[in-house]
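Subject: Structure handover

Hello,

I am passing a structure on to you, with notes on what was found in it. Please look at it before reading the notes.

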Amino acid sequence: MQEENYPGADTGQNQRQHGNSREKFPKQPWCQKGLPAAYEALLTPRVPIPRWHINLEPWATESRSLEDEAKRFLDYITTPQVPCASLAVEGAAPHRRRDAWAACLDPEYGLSRRMQSKHCRVYSFGLGMDDRVLERSLASAGCEVHCFDPGLKQLHTQQAEMWLHRLSVDWRDPNPGLGSQRQHSNTKKLATILNDFGHRQVDVLKADMESAEWKILENLLLEGVLDSVGQLLLELHLHWAGFEVAGDDASVVRYWFSLLKELERADFRLFHTRSDPIRPHIFLHSSTFNASSAYTLSWVNTGWKV
């Protein structure tokens, strides 16, 4: 059987002369030749293990009641985990709170430094251009801003220092078996969008996905895509479970909480939270908990390497 070549394999070109004999280089990596095991472990590339589901957190209490799950969840999303002294906010956007969307410019998180060096990249997903004040501000400060809206007429265009794309993010790619669907689809997974655009990192990812955020966030966590994101700005919709989220109400809230805890384990820390005062106070079709039906949350990736 012919020996299969692989990247870095010896194909006969790399050989040593020893007198009249020819000796191939050994095929084991050089790091295996006498270096301590600790160094060998560092130099050996890690292959990510595919994940198919998130790890659910334990129930809030033994009663497994909606009241206890809702209290834990609402306490979590309204309590910042790290301070941010310098906020870049959206300004006086119409029909919204002045500081609903916010990015953190504290120097330890790197965004302000990358803005100064003109190496900042922003992805914004949503519908319409009315709520893009923060994007315009970041663009004028030197960021490369990409706004994704599946309702645009043109496939790609540039407007007011921002790139506009007729595209949106989803938790799944189009069915590869349906060629026409894939060619004309307006939604893709974030990993696919990054690959198509040739982008390795996004400093700020802003998304208002109108109740698709839970499944999209789950996909980002399972595929490890958030390792490439510096700050995550997300609007949560709580008036119903969300697209393709099943179970009784207590189980739904437990799932929501588990996703946010997975985000925390991925080194993301909440630094800003705001409820939408205009939205009705509805939590899973009920007004019992006196909670807004929409919250805008901002996290910073404390382990992000730029």
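The notes below cover disulfides, salt bridges, nonpolar cores and one tryptophan.

This is a predicted model, in which local features need pLDDT of at least 70, side-chain atom pairs count only at pLDDT 80 or more, and totals for chains, interfaces and linings use all residues. Residues are numbered from 1 along each chain as its sequence is written, and side-chain values use heavy atoms, with hydrogens and water left out.

Disulfides

A disulfide is a covalent bond between the sulfur atoms of two cysteines; here the term is applied to a pair of cysteine sulfur atoms within 2.5 Å. Searching the whole structure gives 2 disulfides. Counting bonded cysteines along the chain, they follow the pattern 1-2, 3-4.

One of them is formed by Cys 84 and Cys 104, with 2.1 Å between the sulfur atoms. This link is right-handed, with 110° about the S-S bond. Helices (H or I, at least four residues) and strands (E, at least two) are DSSP runs, numbered from the N terminus. Both Cys 84 and Cys 104 are buried. Buried means under 20% relative accessible area, exposed means over 50%, and partly exposed is in between (1.4 Å probe, protein chains only).

A disulfide also joins Cys 120 to Cys 143, S to S 2.1 Å. Its torsion about the S-S bond is about 85°, so this disulfide is right-handed. Cys 120 sits in the loop between α3 (111-116) and β5 (121-125), and Cys 143 in the loop between α4 (133-140) and β6 (144-148), so the pair ties together parts that are 23 residues apart in sequence. Cys 120 and Cys 143 are both buried. Cys 147 also counts as buried, because its relative accessibility is 0%.

Salt bridges

Side chains of opposite charge can pair when their charged atoms come close. The search of the whole structure finds 15 salt bridges, a salt bridge being a side-chain nitrogen of Lys or Arg within 4 Å of a carboxyl oxygen of Asp or Glu.

Arg 72 and Glu 69 meet in a salt bridge at 2.9 Å, N to O. These residues are 3 residues apart in helix α2, so about one helical turn separates them. Glu 69 counts as buried, at 1% relative accessibility.

In helix α7, Glu 218 and Lys 215 are also 3 residues apart, about one turn of the helix. Their side chains form a salt bridge of 2.8 Å, N to O. Glu 218 is buried at 13% relative accessibility, and Lys 215 is buried at 16%.

Glu 223 forms a salt bridge with Lys 189, with 2.7 Å between the closest N and O atoms. Glu 223 lies in the loop between α7 (213-222) and β12 (229-237), and Lys 189 in the loop between β10 (187-188) and α6 (190-197), so the pair ties together parts that are 34 residues apart in sequence. Glu 223 is partly exposed, with a relative accessible area of 38%, whereas Lys 189 is buried at 17%.

Glu 57, Glu 262 and Arg 265 are linked in a network of salt bridges.

Nonpolar cores

In soluble globular proteins, nonpolar side chains tend to be buried together. A nonpolar core here is a set of buried Ala, Val, Leu, Ile, Met, Phe, Trp, Tyr and Cys residues joined through side-chain atoms within 4.5 Å.

The largest nonpolar core has 54 residues, of which Phe 73, Phe 125, Trp 214, Leu 238, Trp 256 and Phe 283 touch the most other members. Helix α8 (residues 249-265) gives the most to this core, with 9 residues. Another core lies apart from it and has 18 residues, among them Trp 101, Leu 111, Cys 120 and Leu 164.

Leaving out residues up to four places away in sequence, the contacts of Phe 283 include Ala 70, Phe 73, Leu 74 and Trp 256. Contact means heavy atoms within 4.5 Å.

Trp 240

Trp 240 is in the loop between β12 and α8. Its relative accessible area is 27%, so Trp 240 is partly exposed. Beyond four places away in sequence, Trp 240 touches Ser 211, Trp 256, Leu 284 and His 285. Ser 211 is 29 residues from Trp 240 along the chain, and their C-alpha atoms are separated by 8.0 Å.

Regards
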